Amino acid sequence: MNDKKNILITGGAGFIGSHVVRLFVEKYPQYRILNLDSLTYAGNLENLREIENHPNHKFIKGDILDIELLNSIFKEYPVQGVIHLAAESHVDRSIHNPDEFAMTNIIGTIRLLKAAHSAWHGQMNGKMFYHISTDEVYGSIADGYFTEQTPIDPRSPYSASKASSDHFVQAFGNSYGLPTIISRCSNNYGPYQFPEKLIPLMINNMVNSKPLPVYGKGENIRDWLYVEDHAKAIDAIFHKGKSGEVYNIGGNNEWKNIDLVKLLCSIIDKKLERADGTSAKLITYVKDRPGHDMRYAIDASKVISEIGWRPETDFPEGLEKTVAWYLSNQQWLQHVTSGEYLKYYDKMYVNR
Ligand code: NAD
Ligand code: DAU
């Protein structure tokens, strides 16, 4: 058991986490990936189908709030590195239920930090606690770009909880000497994203000829990055990043929401052989998200120059791949929106 290097990845059954786990399991035969996920509505073992029986992958169903479980994982496996993605991730949900975001994103992160600290105490060499954060901690920016020096200014309960967890990660580095890295990424898109987020929600509604709810005037701007490019950035930063550093990750790919929705409409019309303009007729302007951040824009020059990562996937190519994936994975969409995947979990992991 001790021949392999144990890397604990949290949130590995979610959208980004499943891409990171797949990349690490396939690329690093010398690692054992311990994938800890409590399988909330957003976590789904179907996201990991290709690697479910892979010898490098061990799935552990559990909560990052469960300190006894965390301590037992660190005790059973000599964990060398943590890549922490588990979180409540949807801004709209955070506005309705901030407490849950504070529990998972803040307290859960503190418990994971404590477990790493108590296991690594006195032997920090070669260890790394890598925290996956978001550009939303910087707030909203009218002109220019967020750099790693931009002051933290979270504006939604989600980003407040992520900013707080970032501060705790840095505090554990400062107060206890824990080796830590933080990266802050812009909006991800691609296969396996839960259809509450803009791009998969719009695709799903277009396919089903349902209204396409555009918040406010649709003029808010986001910087979009293909999820596999984010997973590659996480790989590069985990292996080459310096302890104590923060790295911004972005796609240099800003879109107004309404322009993006219109582009998706034209891709779907072509793919479904609908008359041009059919999907766009479904666009419906709805009440704005409270406190809706106007623009996020990342300056990723540090990760490009110091780590050697850069985005590889063109937006039209990434969107085409994403739309094609959702069209050919309608069953996945049905499962995640109906709770069906919980039955899959029981079948695959409990009753066998
Ligand atoms: P997601 O909601 O798709 O997945 C989150 C995963 O965490 C799920 O599998 C869920 O079951 C698990 N989880 C939630 N609470 C847990 C708990 N208490 N214990 C164990 N597991 C738990 O999220 P995502 O979009 O893949 O985001 C992953 C991370 O990346 C988050 O930390 C998020 O803040 C960050 N991030 C996301 C984006 C984006 O565009 N999606 C961009 C930048 C940063
Ligand atoms: O910037 C990184 C962040 O991106 C991540 O940290 C978050 O986890 C992730 O959810 C995402 O946050 P956003 O709020 O930017 O993503 P969302 O997909 O919810 O919304 C994108 C934009 O589209 C935003 O301006 C709100 C708008 N929107 C969203 C939905 C769901 C709509 O107009 N209509 C919608 O139905």
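Which backbone N or O atom lies 3.0 Å from an oxygen atom of ligand 1? The atom belongs to Gly-14.

The structure is a predicted model, in which local features need pLDDT of at least 70, side-chain atom pairs count only at pLDDT 80 or more, and totals for chains, interfaces and linings use all residues. Residues are numbered from 1 along each chain as its sequence is written, chains are lettered from A and ligands numbered from 1 in the order in which they are written, and side-chain values use heavy atoms, with hydrogens and water left out.

**Ligand 1**

Around ligand 1 there are 28 residues, and Ile-16, Asp-37, Ser-89, Tyr-158 and Lys-162 come nearest. A residue counts as near a molecule or strand if one of its heavy atoms lies within 4 Å of it. By class, this shell holds 12 nonpolar, 13 polar and three charged residues. Here Ala, Val, Leu, Ile, Met, Phe, Trp, Tyr, Cys and Pro count as nonpolar, Asp, Glu, Lys and Arg as charged, and the others, Gly among them, as polar.

Helix 1 (15-27), strand 5 (128-134), helix 5 (157-176) and strand 7 each supply at least two residues of the shell around ligand 1. Strand 5 gives the most, with three residues. Helices (H or I, at least four residues) and strands (E, at least two) are DSSP runs, numbered from the N terminus.

**Polar contacts of both ligands**

A polar contact is a pair of N or O atoms within 3.5 Å; within protein, one must be able to donate a hydrogen and the other to accept it, and residues adjacent in sequence count only if both atoms are side-chain atoms.

| Residue and atom | Ligand | Distance |
|---|---|---|
| Gly-14, backbone N or O | ligand 1 | 3.0 Å |
| Leu-85, polar backbone atom | ligand 1 | 2.9 Å |
| Lys-162, side-chain N or O | ligand 1 | 2.7 Å |
| Ser-89, backbone N or O | ligand 2 | 2.7 Å |
| Leu-198, backbone N or O | ligand 2 | 2.8 Å |
| Arg-289, side-chain N or O | ligand 2 | 2.6 Å |

Ligand 1 on its own exposes 840 Å², of which the protein buries 96%. Accessible areas come from the Shrake-Rupley method with a 1.4 Å probe; for residues, only the protein chains shown count as cover.

**Ligand 2**

The shell of ligand 2 has 23 residues, the closest being Thr-134, Asp-135, Tyr-158, Arg-289 and His-292. It divides into nine nonpolar, eight polar and six charged residues. Helix 6 (198-207) and strand 8 (212-215) each supply at least two residues of this shell, and the largest share, three residues, comes from strand 8.

Three strands form an open sheet in the order 7-9-11, with mixed pairing. Its edge strands, strand 7 (187-189) and strand 11 (254-256), each pair on one side only. The twist averages 50° from one strand to the next. Two strands pair if DSSP finds at least two bridges between them; axes are lines fitted to C-alpha atoms, for helices over the stretch in contact, and angles run from 0 to 180 degrees between N-to-C directions.

Strand 9 (residues 221-226) and strand 11 run antiparallel and are joined by three bridges. Ile-221 has Lys-256 in strand 11 as its bridge partner.

Asn-253 lies in the loop between strand 10 (246-249) and strand 11. With a relative accessible area of 14%, Asn-253 is buried. Buried means under 20% relative accessible area, exposed over 50%, and partly exposed in between (1.4 Å probe, protein chains only). The C-alpha atom of Asn-253 is 5.6 Å from that of Trp-224, although the two residues are 29 residues apart along the chain.
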